[in-house]
Amino acid sequence: MSRVVITGAGIVSAAGRGLGVTEAALRQGLDGLGPLTRFSTPRAGGLPVAEVRGVLLDPTAPRLRGLAELALLDAVENAGLAEGDLRRAGLSMGTTVGGMPESEEAFAALLRAEPVDPAVWAHHECGATTAGLMERLGLEGPPLTVSNACASGAQALALAACALRLGLTDTMLAGGADALCRLTLEGFHALLALDPAGCRPFDRQRQGTSLGEGAAFLVLETEDRARARGATVLAELAGWGCTCDAHHPTAPHPEGAGAEAALRAALRAAGLEPGDVGYVNAHGTGTPDNDLVEGRVLRRVLGAPAVSSTKRTFGHTLGAAGAIEAVVCLLALTRGVLPGTVGCAAPDPACEIEPLLDSRQAAPLAALSASFGFGGNDTVLALRRRDVTP
């Protein structure tokens, strides 16, 4: 089957907009957390979050749509796609909230007996954003929407690659986007899964995660198509593994059964040996159970890889996390930046790994991005350097 290659990328997050800004944030070890300003909430309003600030969004569009559109347009420009290329492209997007931020405001207005424009409800459903972006860019390829907890963005990339290998199209724009809203913030707070001091992945004192928002998209093409149009190939999406152990609605499997299966499947699909992996972007949420299980799985399968979590820089962006962290892996392969684990001061030996505490320069052959979601939905993406022949 044709190799699936990456020819462009776009990202917007609490670290800023663009690949250059993101690379600088990772090198500097940016702490992207700060106070919540977008809305008020009595229970969780004092908890730190990773908001997108200083980025101009269309005030007439839902926030999710605005974030996704910025990252998507940057990815298209980065890939040098022409209008004819766009027409043949499909879109695969992961998200968990859809238009919920605006729906929450509208519902609050209804409770106050204030008038509400019924058009707001048209944006509520997750697939509405995909449809709107397809129309905005004039895309005529496959439209795919994934809403599968924290694995959504990674699964959207895997599904897009499947569409390419099946010959449904030769170009896919794939990634994820999510915006902060009350339901997710209050929900994670009710689960006692948020750290008042901000997430501290793999740290002895970790107490939970920190939520964030943002978007990231990659341009995926068959290698033949990319070569034919003279595109610069950045890297290869060489393999992926998607599993579901269905152990518990929110807690990970205590032995990491699904996570390990996804990790091994991604290696197998990409034709990689554990020693080939030069960097792992861990799911690394900072919750006690997730980090413990994930660390032990990584040790069991890969030994002692260079591994870090970037959740303190971007926050846990839910449906966008897998896509944002795939961009982190892309930067590791193309620009040699292996980010540190911001927020981790004293690694927990029970996790059985030694996360990178500070960024370093390296030239990895391959990188893995792990996304382990609620319900046991686990996805691992394997990216390989462009100059490597499988």
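In which loop is Ala-113 found? In this predicted model, Ala-113 sits in the loop between helix 4 (100-111) and helix 5. Its phi is near 65 degrees, a positive value in a residue other than glycine. Most residues other than glycine have a negative phi. Ala-113 is exposed, with a relative accessible area of 71%.

Leu-318 counts as buried, at 7% relative accessibility; the cut-off for burial is under 20%.

Helix 1 spans residues 19-28, and its buried residues are Leu-19, Thr-22, Glu-23, Ala-25 and Leu-26. Viewed down the axis of helix 1, these fall within an arc of 160 degrees, so they line one face of the helix. An α-helix has 3.6 residues a turn, so residues three or four places apart point the same way. The buried residues of helix 1 pack against strand 1 (4-13), helix 2, helix 11 (311-314), helix 12 (321-335) and strand 10 (337-338).

Helix 2 (residues 63-79) also meets helix 5 (residues 126-137); their axes come within 11 Å and cross at roughly 40 degrees. Helix 2 is therefore oblique to helix 5. The crossing is right-handed. From helix 2, Leu-64, Arg-65, Ala-68, Glu-69, Leu-72, Leu-73 and Val-76 take part; helix 5 contributes Thr-129, Gly-132, Leu-133, Arg-136 and Leu-137. By class, this contact has seven nonpolar, two polar and three charged residues.

Notes
Residues are numbered from 1 along each chain as its sequence is written. This is a predicted model: local features need pLDDT of at least 70, side-chain atom pairs count only at pLDDT 80 or more; totals for chains, interfaces and linings use all residues. Side-chain values use heavy atoms; hydrogens and water are left out. Axes are lines fitted to C-alpha atoms, for helices over the stretch in contact, and angles run from 0 to 180 degrees between N-to-C directions. Helices (H or I, at least four residues) and strands (E, at least two) are DSSP runs, numbered from the N terminus. Angles under 35 degrees count as roughly parallel, over 145 as roughly antiparallel, 65 to 115 as roughly perpendicular and the rest as oblique. A crossing is left-handed if the near helix is turned anticlockwise from the far one by less than a right angle, and right-handed if clockwise. Contact means heavy atoms within 4.5 Å. Ala, Val, Leu, Ile, Met, Phe, Trp, Tyr, Cys and Pro count as nonpolar, Asp, Glu, Lys and Arg as charged, and the others, Gly among them, as polar. Buried means under 20% relative accessible area, exposed over 50%, partly exposed in between (1.4 Å probe, protein chains only). The arc is that of the directions from the helix axis to the C-beta atoms.
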